[in-house]
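Colleague: I am new to reading models like this one. Could you take me through a residue, and then the chain around it?

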Amino acid sequence: MVGAKGRMGSHVVDAVNGAQDMQLAFALDAGDDLMRITPENTDVVVEFTVPSVSLDNVLALVKRGVDVVVGTTGWTDERLAKVTAALAEAPRDDQAVFIAPNFAISAVLADYFAKVAAPYFESAEVIELHHPTKVDAPSGTAIHTARAIADARKAAGLGAMPDATETDGGSRGQVVDGVHVHAVRLRGLNAHEEVLLGNAGEQLTIRADSFDRISFMPGVLLAVRKVADGGHAGLTVGLDKFLDL
Ligand SMILES: NC(=O)c1ccc[n+]([C@@H]2O[C@H](COP(=O)([O-])OP(=O)(O)OC[C@H]3O[C@@H](n4cnc5c(N)ncnc54)[C@H](O)[C@@H]3O)[C@@H](O)[C@H]2O)c1
Ligand SMILES: O=C(O)C1=N[C@H](C(=O)O)CCC1
């Protein structure tokens, strides 16, 4: 586990220790030497750190010859391309990196349902709501959802959404592939997302609430098992790839 002292990392340490088919090799955090990790002592590394260090960690681990499951956010197309390039040069042919913006089944399904619903609505916007200690905005999940909605709209031949806004001081949120994304940071919250889809006279709301970080653990363990079992060489993004959706 890399990022073992963090909010997510400490839960993953407990989850791995509680899993009968897994053994914790290392619990590393900032300042620890990743070079202690080798293919001989470690099958899969789980990485939950911060967006500013995650890419370098993943590249170093790929070079090390181990498979990596990543929960840290901040993955732009450019960063993902660097991971793909590193995997092409990796010591093992079957090496895998798996990245999930969200490991909670509620969030993965909300994302999936939003993608299915998107072609049927004129308008769609995403609101994500998180704890105020989160360092990035909007959430990785919201970016992923917005892109999925945009792709589904494009595939269905839909154009831009109706929006007469002429002045915007920032209230309309960040525009991700044409989809407006709004971020709320509020004490008491954990991780929540709402997708609003609208037509004349009707609205569909899809909402996922993760009240506790324990909600992410079944998804993390599923990803570790899938990667360890093999057959997922290269870069895979999204827990939906490991579910029968
Ligand atoms: N994919 C998901 O389901 C999911 C769920 C929750 C959070 N997240 C994401 O996971 C990341 C971590 O979230 P968090 O709430 O645990 O953050 P956190 O700040 O509590 O933990 C981050 C940990 O990483 C450690 N760290 C920093 N630099 C490091 C380095 N170079 N090497 C090793 N460890 C280092 C920190 O010391 C800290 O312990 C964020 O990007 C967050 O958005 C993803
Ligand atoms: O608590 C966080 O930080 C979370 N980050 C991920 C994101 O940015 O989407 C997943 C939800 C929790």
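Colleague: Is L34 buried, exposed or partly exposed?

Modeller: Count C-beta atoms, placed from the backbone, within 10 Å of the residue's own: 20 or more others means buried, 12 or fewer exposed, and in between partly exposed. L34 has 17 such neighbours, so it counts as partly exposed. This is a predicted model: local features need pLDDT of at least 70, side-chain atom pairs count only at pLDDT 80 or more, and totals for chains, interfaces and linings use all residues. Residues are numbered from 1 along each chain as its sequence is written, while chains are lettered from A and ligands numbered from 1 in the order in which they are written.

Colleague: Where in the chain is L34 found?

Modeller: Helices (H or I, at least four residues) and strands (E, at least two) are DSSP runs, numbered from the N terminus. L34 sits in the loop between α1 and β1 (44–47).

Colleague: Which residues does L34 touch?

Modeller: Two residues are in contact if their C-beta atoms, placed from the backbone, lie within 7 Å. Leaving out residues up to four places away in sequence, L34 touches V2, L28, N57, A60 and L61. R64 is 30 residues from L34 in sequence, yet their C-alpha atoms are 9.0 Å apart.

Colleague: What share of contacts in the chain join residues at least 24 apart?

Modeller: Take contacts between residues at least 6 apart in sequence: 73% join residues at least 24 apart.

Colleague: How many helices and strands does the chain have, and what percentage of its residues count as buried?

Modeller: There are six helices and nine strands. Of the 245 residues, 38% count as buried.
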